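Here's a quick briefing to read alongside the model. Have the structure open and follow along, topic by topic.

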Amino acid sequence: MPLLMAGRDVIGIAETGSGKTLAYLLPAIKHIQDQRRVDEGEGPISIIMTPTRELARQVYIESKHFCKPLGLRVIACYGGQAVQTQIADFKQGAELVVCTPGRMIDMLTLNKGKVTNLRRVTFVVIDEADRMFDLGFEPQITRIMDNIRPVRQIALFSATFPRNV
């Protein structure tokens, strides 16, 4: 956490249930608070990508617990939810998006790219990063990262990173 708070890129490896979500969520919130508020129609400041909608939902619920009292808005963006609801959420604006890569790409390409953009994103988290790459998400992650400004902070988190990583 101190490295993330200091603005460094981080690979975090810790056992399941050890607090990984909180370890990247608190620095993300601090990072968001250091920026100006998101205006209606603007993209988020931070994005958290997960490999499954179940994990995205879990992270979204945890994020709301911490963000709501601070007046920060969070959007859940994953399959299994109504696309129209997600589009409406993006149009209202939010500082943090918790997503799966496929649905995020959908949001970036719907309505000729007018739903949202990632131009303000400066804090990126890839949760279960090794699993994302094992499951073949690299092209989707690359496509999303290509829409994010080059000056950004990146955190890769997992419980199972291979030693060579």
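H4 passes H5 in a right-handed crossing, where right-handed means that the near helix is turned clockwise from the far one by less than a right angle. Keep in mind that this is a predicted model, where local features need pLDDT of at least 70 and side-chain atom pairs count only at pLDDT 80 or more, while totals for chains, interfaces and linings use all residues. Residues are numbered from 1 along each chain as its sequence is written, and side-chain values use heavy atoms, with hydrogens and water left out.

**How the two helices pack**

- Helix H4 covers residues 83–92 and helix H5 covers residues 101–109; helices (H or I, at least four residues) and strands (E, at least two) are DSSP runs, numbered from the N terminus.
- H4 and H5 pack at an angle of about 65°, with their axes 11 Å apart; the axes are lines fitted to C-alpha atoms over the stretch in contact, and angles run from 0 to 180 degrees between N-to-C directions.
- On the H4 side, Val83, Gln86, Ile87 and Phe90 make the contact, and they meet Arg103, Met104 and Met107 of H5 (contact means heavy atoms within 4.5 Å).
- Sorted by class, that H4–H5 contact has five nonpolar residues, one polar and one charged.

**Strand S2 and its partners**

- Strand S2 spans residues 46–49, with Ser46 and Ile48 pointing one way and Ile47 and Met49 the other, and all are buried (under 20% relative accessible area, with a 1.4 Å probe and protein chains only).
- S2 pairs with strand S4 (residues 96–99) in the parallel sense over four bridges; two strands pair if DSSP finds at least two bridges between them.
- Within S4, Val98 is the bridge partner of Ile48.
- S2 also pairs with strand S5 (residues 123–127), again parallel and over four bridges, and here Met49 stands opposite Ile126.

**Cysteines without a bond**

- How many disulfides does the structure hold? There are zero, a disulfide being a pair of cysteine sulfur atoms within 2.5 Å.
- The sulfur of Cys77 has its closest cysteine sulfur in Cys99, 5.6 Å away, so the gap is too far for a bond.
- Cys77 is buried at 0% relative accessibility, and Cys99 is buried with a relative accessible area of 0%.

**A threonine in a loop**

- Thr100 sits in the loop between S4 and H5 and is buried, with a relative accessible area of 11%.
- Leaving aside residues up to four places away in sequence, Thr100 touches Thr50, Pro51, Thr52, Arg53, Ala56, Cys77, Tyr78 and Gly79.

Notes:
Ala, Val, Leu, Ile, Met, Phe, Trp, Tyr, Cys and Pro count as nonpolar, Asp, Glu, Lys and Arg as charged, and the others, Gly among them, as polar. Buried means under 20% relative accessible area, exposed over 50%, partly exposed in between (1.4 Å probe, protein chains only).
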